[in-house]
Amino acid sequence: MAQKVVLAYSGGLDTSVAVRWMIEHLGVEVICLSADVGQEGTLEGNEEKALGAGASVYEQLDLREEFARDYLAPVIRANALYEGKYPLVSALSRPLIVKHQVALARKYGADGIAHGCTGKGNDQVRFEVSSMALAPDLELIAPVRNWGFTREDSIEYAARHQIPVAATKEKMYSIDDNLWGRAIECGEMEDPWAEPPAGVWKMTQQTATEPREVTVGFEQGVPVSIDGTAMPLHELVVAMNHLVGSYGWGRLDMVENRRVGIKSRETYEAPGALALMMAHEDLESITLERDLQREKIRMEHRYAELVYDGLWFSPLREAFDAFVAESQVPVTGEVRLKLEPGRCFVVGRKAPQSLYDYGLATYDAADRFRHADSEGFVRLWGLGVQTWSGIQGPGSGR
Ligand code: ARG
């Protein structure tokens, strides 16, 4: 049994109760880690709450820059959208947090890692599988999965132990957010037929009314500038969230397949992520050679599944990233996005190494394409089905 554990501490009801519960029921010493991954609301007050609940050490880390550089940039380059839609918001922060939990475990000589996830979700999978990959020797502890508390039980437990929590009995939604977006679950949305209530949206409240354009600059597949102003990715993502979100665009409503076998109705808002990925994919359309682009598209779904399923730290993801890195060398250029209330779309793209050849594409006098070559090309291209048709298919008279 573990003696000392590092808990991923959000400051919410579950993780606050988890601190005391683990001390009381497992006899462990608890170290709390609160990570700033760009979530709304500050971590202010977390230290007092953690220590007040009985933690022996509280550490707070600003991981925004690392999150953007090492986790968001790769998924932008890979166009990784789970089930073709979800930009992996929560799936990306978990491995990063675990990486730092493991580092703290080493620093303080802890022998366990703990999280506050339930047994029904993906996040438990991501926390634990990431830990298994990085530090197979560490014990995994999931108090919320085992204690069998209802929300009321947790609130009572907190009150009984004077654990400072700001929770009310009727919490409507389960929300997780970071730089990359916001996930809103539960409440009315558990009925997949019910429209999400207007009040659930935060990042995508429309305030802008005048259409405008925004130009995103990319270097080797990574966004580096907005309207010509260079900025680090973690700031650029925030700027895009504000800008695109103010047009009320960037919402998702989907029923997705969780790793644990549940179909779950999920709503997300990720204005910056979705706009940047749209722009990136568009830039690839002029910079990637056809077969490379096709093969990359085939890989992208697998990449997203792997990350969603908690396998960020895996040899396959690393191998995929090596392939993606090689593909992104020419993906430098600019994409023009147009923003209108409720809409965001690409209206132009350019790149120094664009493969778009005007002389080949045009129908006007500048046309350099050798039309006559197509005759023989098409004849041979269709030869196989022509042969088939005459003997076995529609042309055989059978
Ligand atoms: N369904 C999403 C995912 O698996 C979001 C999870 C959000 N987590 C939460 N605790 N509300 O990535």
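**Where the domains meet**

Guide: In this predicted model, 24 residues of domain 1 are in contact with 26 residues of domain 2 (contact: C-beta atoms, placed from the backbone, within 7 Å). On the domain 1 side, at least two residues each come from helix H3 (64–77), helix H4 and helix H5 (123–134). Helices (H or I, at least four residues) and strands (E, at least two) are DSSP runs, numbered from the N terminus. Sorted by class, this side of domain 1 has 11 nonpolar, 7 polar and 6 charged residues (nonpolar: Ala, Val, Leu, Ile, Met, Phe, Trp, Tyr, Cys and Pro; charged: Asp, Glu, Lys and Arg; polar: the others, Gly among them).

As for the domains themselves, domain 1 is made of two stretches, 4–71 + 89–160, and domain 2 covers 174–350; the bounds come from an automatic or database domain assignment. Their C-alpha centres lie 27 Å apart. Residues are numbered from 1 along each chain as its sequence is written. Local features here need pLDDT of at least 70 and side-chain atom pairs count only at pLDDT 80 or more, while totals for chains, interfaces and linings use all residues.

Domain 1 and domain 2 both give residues to the shell around the ligand, so the ligand lies between them. That shell is formed by Ser90, Ala91, Asn122, Asp123, Ser174, Ile175, Asp176, Ala183, Glu185 and Glu266 (each with its C-beta atom, placed from the backbone, within 6 Å of the ligand). Two or more of these residues come from each of H4, strand E6 (174–178) and strand E7 (181–185). E6 gives the most, with 3 residues.

H4 runs over residues 89–108, 20 residues in total. From its first C-alpha to its last, H4 reaches 30 Å, close to the 28 Å expected (1.5 Å times one less than its number of residues). Just after H4 comes Gly109, with a positive phi of about 65°.

Notes:
Contact = placed C-beta atoms within 7 Å.
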